[in-house]
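Hi,

Here is the structure I promised to pass on. Have a look at it first, and then read my notes below.

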Number of protein chains: 2
Amino acid sequence: MISREKHDRMANAIRFLSMDAVEKANSGHPGLPMGAADVATVLFSRYLKFDPKAPLWADRDRFVLSAGHGSMLLYSLLYLTGYEDMTIEDIKQFRQLGSKTAGHPEYGHASGIETTTGPLGQGIGNAVGMAIAERKLEEEFGSDLQNHFTYVLCGDGCLMEGISHEAIALAGHLKLSKLVLFWDNNNITIDGAVSLSDSTDQIARFKAVHWNTIEVDGHDPEQIAAAIEAAQKSDRPTFIACKTTIGFGAPNKAGTHKVHGSPLGAEEIAATRKALNWESPAFETPADVLDAWRAAGTRSVDARKAWEGRLAATETTKKSEFTRRFAGELVGNFDEAIDAYKKKLAENPPTVATRKASEDALEVINGILPETLGGSADLTPSNNTKTSQMKSITPTDFSGRYMHWGIREHGMAAAMNGVALHGGLIPYSGGFMIFSDYCRPSIRLAALMGIRVIHVLTHDSIGVGEDGPTHEPVEHMAALRAIPNLLMFRPADAVETAECWQLALESQHRPSGLALTRQNLAPARLEYVAENLSALGAYELISTADAKVSIFASGSEVELAVKAAAELKGKGIAARVVSVPCVELFDEQSDEYKKSVLGTAPVKIGVEAAVRQGWDQFIGADGTFIGMRSFGASGPAKDLFKHFGITVEAIVAAAEAKVS
Amino acid sequence: MISREKHDRMANAIRFLSMDAVEKANSGHPGLPMGAADVATVLFSRYLKFDPKAPLWADRDRFVLSAGHGSMLLYSLLYLTGYEDMTIEDIKQFRQLGSKTAGHPEYGHASGIETTTGPLGQGIGNAVGMAIAERKLEEEFGSDLQNHFTYVLCGDGCLMEGISHEAIALAGHLKLSKLVLFWDNNNITIDGAVSLSDSTDQIARFKAVHWNTIEVDGHDPEQIAAAIEAAQKSDRPTFIACKTTIGFGAPNKAGTHKVHGSPLGAEEIAATRKALNWESPAFETPADVLDAWRAAGTRSVDARKAWEGRLAATETTKKSEFTRRFAGELVGNFDEAIDAYKKKLAENPPTVATRKASEDALEVINGILPETLGGSADLTPSNNTKTSQMKSITPTDFSGRYMHWGIREHGMAAAMNGVALHGGLIPYSGGFMIFSDYCRPSIRLAALMGIRVIHVLTHDSIGVGEDGPTHEPVEHMAALRAIPNLLMFRPADAVETAECWQLALESQHRPSGLALTRQNLAPARLEYVAENLSALGAYELISTADAKVSIFASGSEVELAVKAAAELKGKGIAARVVSVPCVELFDEQSDEYKKSVLGTAPVKIGVEAAVRQGWDQFIGADGTFIGMRSFGASGPAKDLFKHFGITVEAIVAAAEAKVS
């Protein structure tokens with residue numbers, strides 16, 4: 001039992017570490033860590049199941065700081081509870097280049113940082129994904145191996161962002177009873193009082209999406225404790241509204257927006273020390289307080305050991321499957337299965353839309369990888385993401401593997417990040433490529449974190465047709481390629497689609513997007529090749545001696561390029577064709593290989609039913625690009641390709657004009 | 001008074017036009033138009049204040065079809081009520097290339113289409129913006145000139161999208177009492193029943209954000225009418241939940257997802273004709289029904305004439321101001337004021353962050369353009385968007401000109417689109433550039449529609465510093481430049497910032513974004529030049545005879561380029577510098593001009609603290625690019641620029657290496 005006095009001192013340890021670190025960095029957000037210190041102290045010292053000595057323990061509770069600007073709250077907790085890779089020196093390096101203690105928590109910088117947060121609302125989405133993963137894995141492996149809570153702390157900003165609506169509506173619908181959301185209800189945003197811009201009744205709002213709701217004084221440890229205990233027993237996710245004072249303890253600035261995102265200043269810090277009766281100098285935590293915190297950090301050691309015992313006692317196949325899944329390794333025969341599928345395709349190369357080719361590839365993949373968690377943002381029949389193995393997940397039955405995410409691209413993508421971060425599952429989505437814009441912040445965070453989520457982005461060009469420019473991506477390939485560390489695939493046929501899926505799944509530390517067509521495509525690769533040529537990013541699909549023309553194309557335009565090369569041949573012009581399924585992987589090849597792919601033909605033509613941006617690396621600033629210069633239009637797809645001049649004839653004409 | 005029988009026949013006219021047009025196009029969404037026909041009929045035949053002969057009447061009620069896939073509902077209404085540019089031939093051309101009747105309603109294609117919709121939830125945001133504009137202009141010009149309702153019709157998809165939360169929370173907070181949202185509550189989405197993915201209690205949800213809520217049978221005209229009348233009297237925005245049957249009237253497919261997005265098929269259409277007792281062939285509306293609809297279209301002629309009379313009788317200055325504002329023309333002395341400001345800057349060129357330079361320019365602009373509506377997504381002190389003229393708008397006082405949008409980038413951007421579409425105001429936002437990702441779908445729609453909204457995007461690079469990679473845009477310039485018809489400005493100093501503001505405001509048919517720094521920049525332009533050089537997109541800032549090196553840079557990196565050129569000069573290497581404030585405007589210059597700017601120096605170097613994508617057009621595929629190849633990091637900005645090699649030294653070294 002932790003006395004009130006001890007609790008206060010433990011919470012104050014967070015407050016002083018936070019304000020002192022922000023002061024030293026002369027940058028940062030002391031307000032939230034000081035305001036939410038009591039909530040965090042109760043959670044970490046009495047309820048959170050975690051072991052700093054085993055930070056990746058698969059059945060640990062997850063804690064997400066959605067209000068990532070309050071990063072010092074998390075860093076303080078990690079240091080205080082005894083994570084070995086979070087030392088007081090790290091705390092002193094807050095917000096310095098190369099430190100673990102970045103301005104916002106960054107996944108991978110230190111143990112115990114479960115996700116990268118800062119862009120508001122994302123953490124709530126991540127937590128929903130973690131709770132989905134937990135529920136699904138409990139269903140699959142039993143509660144002996146998976147049975148933990150997911151806690152998430154958010155502020156007003158997270159709740160104002162639209163993504164919060166998507167995330168909480170889904171969580172309420174799915175009855176994710178082991179999800180607990182603390183709201184640091186401090187009434188303050190950067191512009192001033194929340195009342196400047198919002199008057200939402202958050203309790204009523206969460207009730208409307210079927211959450212259990214509780215209101216507490218966020219500085220009263222017993223109220224907080226009672227709420228957590230009630231949440232743990234709830235059959236629904238629980239929202240705990242914690243009334244707090246931002247910058248609690250700072251006598252002159254607490255409760256104002258002055259304490260949100262700026263150092264308190266030496267004077268106010270001194271006043272706070274006085275007010276909270278804290279005598280230790282900066283970065284020194286009194287021994288009794290540190291002891292109490294370290295004891296909190298060992299609270300779950302027995303539980304962890306018991307869990308390890310249960311895992312050790314688990315039947316061998318199940319145990320090795322559980323271990324494999326959490327290691328993120330694919331099954332041993334994965335490459336073999338893709339290879340067999342490629343051989344089968346070569347027997348009778350199909351003319352199919354790549355969205356259908358993706359479904360066919362997934363039929364193989366989902367048959368051998370039980371860890372895939374498929375889904376779509378309400379476009380299942382269009383995205384072709386649900387294969388025969390995939391039963392729908394419902395609020396009462398998580399034995400399925402398919403998520404109906406609803407019309408919630410952003411919530412979906414953030415939750416997928418959470419699923420991937422949780423471990424044990426590989427999430428893939430379905431959506432129209434145009435709506436990658438709706439979930440771009442989450443895709444970016446997946447790239448920043450380096451996690452394996454796979455976005456199936458169908459209807460990838462004006463090939464959409466009648467739905468028109470609101471639904472036709474023209475700039476999205478460029479915009480997605482611009483995101484560092486994201487693999488954007490645009491396969492040209494069924495073989496490349498299978499290869500791209502293979503690459504996406506084998507990329508354990510990068511997210512991928514697959515841009516897929518609505519319309520049918522003729523096969524580009526007619527012969528079986530064992531090597532995954534798409535792994536090269538770009539490769540010569542049609543070679544010819546003494547080429548006068550190089551045509552570079554991706555996806556649906558490879559078919560045009562191939563036909564154009566044939567026509568040019570008929571006209572006595574030697575043309576080679578390079579297929580470009582993944583620019584990012586091409587960039588990683590050797591200079592020698594790149595040079596050979598770019599070739600020496602004097603005329604270079606790029607073809608993609610999208611904007612030119614980025615293509616000059618293949619064709620040069622003076623190359624000819626055949627693609628889009630504007631938004632698309634509504635009409636039958638064939639009419640559109642003709643209207644916008646993305647045709648075999650246009651390629652041939654351009655080549656002839658340049659050659660002569 | 002319209003009898004029930006007449007009402008039914010009028011509604012059925014919509015149903016048959018819709019299903020027949022979809023059938024002919026063999027593509028489209030008959031479900032919503034058939035299901036929502038009764039709601040639309042009551043609204044358009046009895047309440048909506050509109051005049052097809054004066055479609056731009058400034059005080060008309062606005063109607064937004066947020067569920068844009070149901071476009072045939074809108075096209076049917078426009079044709080039936082007598083908009084001259086929507087003929088039955090246009091209806092027959094549904095979803096054909098070049099037609100007015102695109103797959104989703106497109107602003108500018110035909111009168112009466114108030115906004116482009118299709119990406120779900122956007123229309124709700126637009127409508128909130130329209131209602132804000134109305135409330136603001138009523139405050140400014142009086143209810144004689146501005147006093148209208150904004151109606152919006154949405155489906156389940158719109159309500160699941162997160163943007164809906166942002167929009168409705170803001171509308172409820174602002175008590176936008178003349179906003180009425182109809183929910184086509186048909187329980188069906190593409191994947192199947194809504195219950196697959198959602199169980200939100202929408203009434204409770206809207207109550208939580210302080211809306212007036214009403215539930216009606218969406219096929220009962222008197223219930224619908226009573227709800228609209230109650231809504232008109234409400235002191236809060238009103239949500240009318242209309243229980244409907246999707247595809248109402250189709251005997252075998254109504255109420256199922258089969259009728260959502262596919263043609264009904266000849267058989268089902270025949271069955272529907274029978275069921276609804278409709279004998280007219282396709283595209284023929286019985287004369288009595290058409291007459292009734294045309295009468296509905298003339299219902300507000302008197303109101304319109306009375307309004308015109310009031311406008312004519314308005315005091316001259318106010319009248320001409322009102323007219324000017326709705327014509328979207330700037331004040332006559334606008335250019336003069338900017339010019340005077342540029343002269344003043346030249347007297348003492350300031351070293352400032354461009355976000356501060358933007359504030360200074362806005363201080364001039366807001367002083368002479370009363371139509372600007374400023375705001376920020378809760379980053380006012382960081383975005384520098386609130387000038388001395390700008391009092392905050394509050395729920396009870398719209399005399400101000402500054403919106404605290406809350407932490408709602410997406411809702412803000414969609415509402416800004418609505419403000420611009422409404423007319424009479426020019427909205428500009430404030431946000432961190434990184435969060436352009438959160439509102440990208442709305443920025444894209446502004447570009448597609450060709451409307452004047454201006455996004456102030458501060459903290460535009462790793463210059464953000466300690467907040468780290470979650471807050472540092474590295475790919476955003478490229479990603480935003482990829483959007484067609486969007487002007488992306490990245491000014492290098494106070495003069496360019498003023499010029500870019502001038503260009504953004506003068507671009508009546510294009511949205512703009514201004515990428516602005518957090519950190520101070522030395523002035524690039526030291527002498528007064530009357531011409532707006534930024535209008536050229538790129539221009540020679542430092543010229544030299546026999547240049548061996550051309551350095552192209554934008555924004556904060558122009559300072560580095562200028563210093564590097566000076567150092568190179570010291571080393572005997574002649575280097576010129578080209579400032580690139582706006583790539584899109586450069587693309588529109590003559591070939592001759594472009595050639596002159598690209599120059600003939602053998603060495604080309606591009607410098608931008610962002611990814612290379614897009615820069616090859618200036619430096620070629622073999623040029624040297626000094627910028628970002630990864631995400632940023634957390635640390636003091638100066639450390640970051642050094643760490644990532646974006647320095648004067650790096651430019652000089654690269655130039656020397658290439659020259660030798």
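A word on rings before anything else: rings of Phe, Tyr and Trp (its six-membered ring) pair if their centres lie within 6.5 Å, and a pair counts as stacked with planes under 30 degrees apart, edge-to-face over 60 and tilted for the rest. With that in mind, A:W57, A:F141, A:W307, A:F322 and A:F326 form one aromatic cluster.

Please keep in mind that this is a predicted model, where local features need pLDDT of at least 70 and side-chain atom pairs count only at pLDDT 80 or more, while totals for chains, interfaces and linings use all residues. Residues are numbered from 1 along each chain as its sequence is written, chains are lettered from A and ligands numbered from 1 in the order in which they are written, and side-chain values use heavy atoms, leaving out hydrogens and water.

**Aromatic pairs**

Over all chains, the count is 42 aromatic pairs. One of them joins A:F44 and A:F63, edge-to-face, with 5.1 Å from centre to centre and 80° between the planes. A:F44 belongs to helix α2 (residues 31–47) of chain A and A:F63 to strand β1 (residues 62–65) of chain A, so this pair ties together parts that are 19 residues apart in sequence. Helices (H or I, at least four residues) and strands (E, at least two) are DSSP runs, numbered from the N terminus. Both A:F44 and A:F63 are buried; buried means under 20% relative accessible area, exposed over 50% and partly exposed in between, using a 1.4 Å probe and protein chains only.

In chain B, the ring centres of B:F50 and B:Y83 are 6.3 Å apart and the planes are at 15°, so the pair is stacked. B:F50 is buried, with a relative accessible area of 3%, and B:Y83 is buried at 8%.

**Charges over rings**

A charge sits over a ring if NZ of Lys or CZ of Arg is within 6 Å of the ring centre and within 35 degrees of the ring normal. A:R294 lies over the face of A:Y79, 5.3 Å from the ring centre. In chain B, the charged end of B:R294 sits over the ring of B:Y79, at 5.3 Å from its centre.

**The sheet in chain B**

Two strands pair if DSSP finds at least two bridges between them. In chain B, 5 strands form an open sheet with parallel pairing, in the order β1-β2-β3-β7-β6. β1 and β6 (212–217) of chain B are at the edges with a single partner strand each, so one side of each has no neighbour in the sheet. Strands β3 (residues 179–185) and β7 (residues 238–243) of chain B run parallel and are joined by 6 bridges. There, B:N185 stands opposite B:K243 in β7(B).

Best wishes
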